[in-house]
Amino acid sequence: MTGRFVAVVGPSGVGKDSMMRAVSTAAPHIVLARRVITRPSDAGGEVFDGVSDDEFDRMSDAGSFVMSWSAHGLRYGIPRSVSDELLAGRDVLANLSRTVLPEAAQVFSRFAVIMLQASPQVLEDRLRARGREDSVEIARRLAQADFDLSPELQPHKIDNSGALSDTVNAVLRVLQPARA
């Protein structure tokens with residue numbers, strides 16, 4: 001049986017990358033998609049492959065991505081190698097933009113959505129703490145934080161305002177109910 005492609009979405013600062021790393025550590029058969037992003041590799045946050053716009057174009061033209069998109073002035077790609085993980089029966093977690101969820105649902109035969117949420121104050125505190133955005137960008141991201149997804153996507157909504165361990169347990173109950 002093939003694994004599931006699990007899209008993780010939520011507003012900036014909700015803790016998507018922290019949750020994904022913790023879930024992968026707790027359940028080694030769940031792996032992380034290493035995204036390719038047009039941002040410097042030392043920008044912090046998730047582990048990713050930073051490339052220039054020209055390199056991204058070359059990779060895209062060569063068919064290196066199973067899907068790609070633009071958001072927040074950057075370009076993101078999911079490497080085609082995730083297909084190998086899925087064929088091996090492993091679930092793959094990937095931080096996606098909500099705008100590409102319909103495309104992802106078409107690309108992957110087994111697909112799920114985890115939608116992380118947190119209170120506005122928690123989001124603001126986390127964005128300030130990570131230090132990647134100035135006050136104007138933080139305000140813009142907070143203004144975009146409240147969104148909903150199409151019920152057709154059947155998102156699993158999980159609050160990440162509290163302890164990371166609580167969120168990890170909630171995600172594991174969704175992804176592997178028989179084991180949780």
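Where does Gly73 lie, between which two strands? Gly73 sits in the loop that joins strand S5 (65-71) to strand S6 (74-79); helices (H or I, at least four residues) and strands (E, at least two) are DSSP runs, numbered from the N terminus. With a relative accessible area of 79%, Gly73 is exposed; here buried means under 20% relative accessible area, exposed over 50%, and partly exposed in between (1.4 Å probe, protein chains only). Gly73 and Arg39 are 34 residues apart in sequence, and their C-alpha atoms are 9.7 Å apart in space.

A word on the ground rules. This is a predicted model, where local features need pLDDT of at least 70 and side-chain atom pairs count only at pLDDT 80 or more, while totals for chains, interfaces and linings use all residues. Residues are numbered from 1 along each chain as its sequence is written, and side-chain values use heavy atoms, with hydrogens and water left out.

**The cores**

Start with the largest nonpolar core, which has 28 residues; such a core is a set of buried Ala, Val, Leu, Ile, Met, Phe, Trp, Tyr and Cys residues joined through side-chain atoms within 4.5 Å. Phe5, Ile78 and Leu96 touch the most other members. Elements giving two or more residues to this core include strand S1 (5-9), helix H3 (82-87) and strand S8 (111-117), and S5 gives the most, with four. Phe5 itself has contacts (heavy atoms within 4.5 Å) that include Ile78, Leu86, Leu96 and Phe111, leaving aside neighbours within four places in sequence. Another core lies apart from the largest one, with 22 residues, among them Met19, Ile30, Leu116 and Val171. In soluble globular proteins, nonpolar side chains tend to be buried together.

Val171 also turns up among the buried residues of H7, along with Thr167, Val168, Ala170, Leu172 and Leu175. Those buried residues pack against S1, H1, strand S2 (30-32), S7, S8 and strand S9 (156-159). Helix H7 (residues 164-175) has twelve residues and spans 16 Å from first C-alpha to last, close to the 16 Å expected (1.5 Å times one less than the number of residues).

**A buried lysine**

Lys16 belongs to helix H1 (residues 16-26). Lys16 is buried yet has no salt bridge, and the nearest side chain of opposite charge, Asp17, is 6.6 Å away. For charge, Lys and Arg count as positive and Asp and Glu as negative, with His and the chain ends not counted. What the side chain of Lys16 does reach is the backbone oxygen of Gly10, at 2.9 Å. The backbone oxygen of Pro11 lies 3.1 Å from a polar atom of that side chain too. Beyond four places in sequence, residues touching Lys16 include Val8, Asn95 and Leu116.

**Salt bridges**

The whole structure has twelve salt bridges, each a side-chain nitrogen of Lys or Arg within 4 Å of a carboxyl oxygen of Asp or Glu. Here are some of them:

| Pair | Closest N to O distance |
|---|---|
| Glu133 and Arg141 | 3.7 Å |
| Asp148 and Lys157 | 2.8 Å |

Glu133 is buried at 12% relative accessibility, as is Arg141 at 13%, whereas Arg130 is partly exposed at 30%. Arg130, Glu133, Glu137, Arg140 and Arg141 are linked in a network of salt bridges. Over in the other pair, Asp148 is exposed at 55% and Lys157 is partly exposed at 44%.

Definitions and conventions
A polar contact is a pair of N or O atoms within 3.5 Å; within protein, one must be able to donate a hydrogen and the other to accept it, and residues adjacent in sequence count only if both atoms are side-chain atoms.
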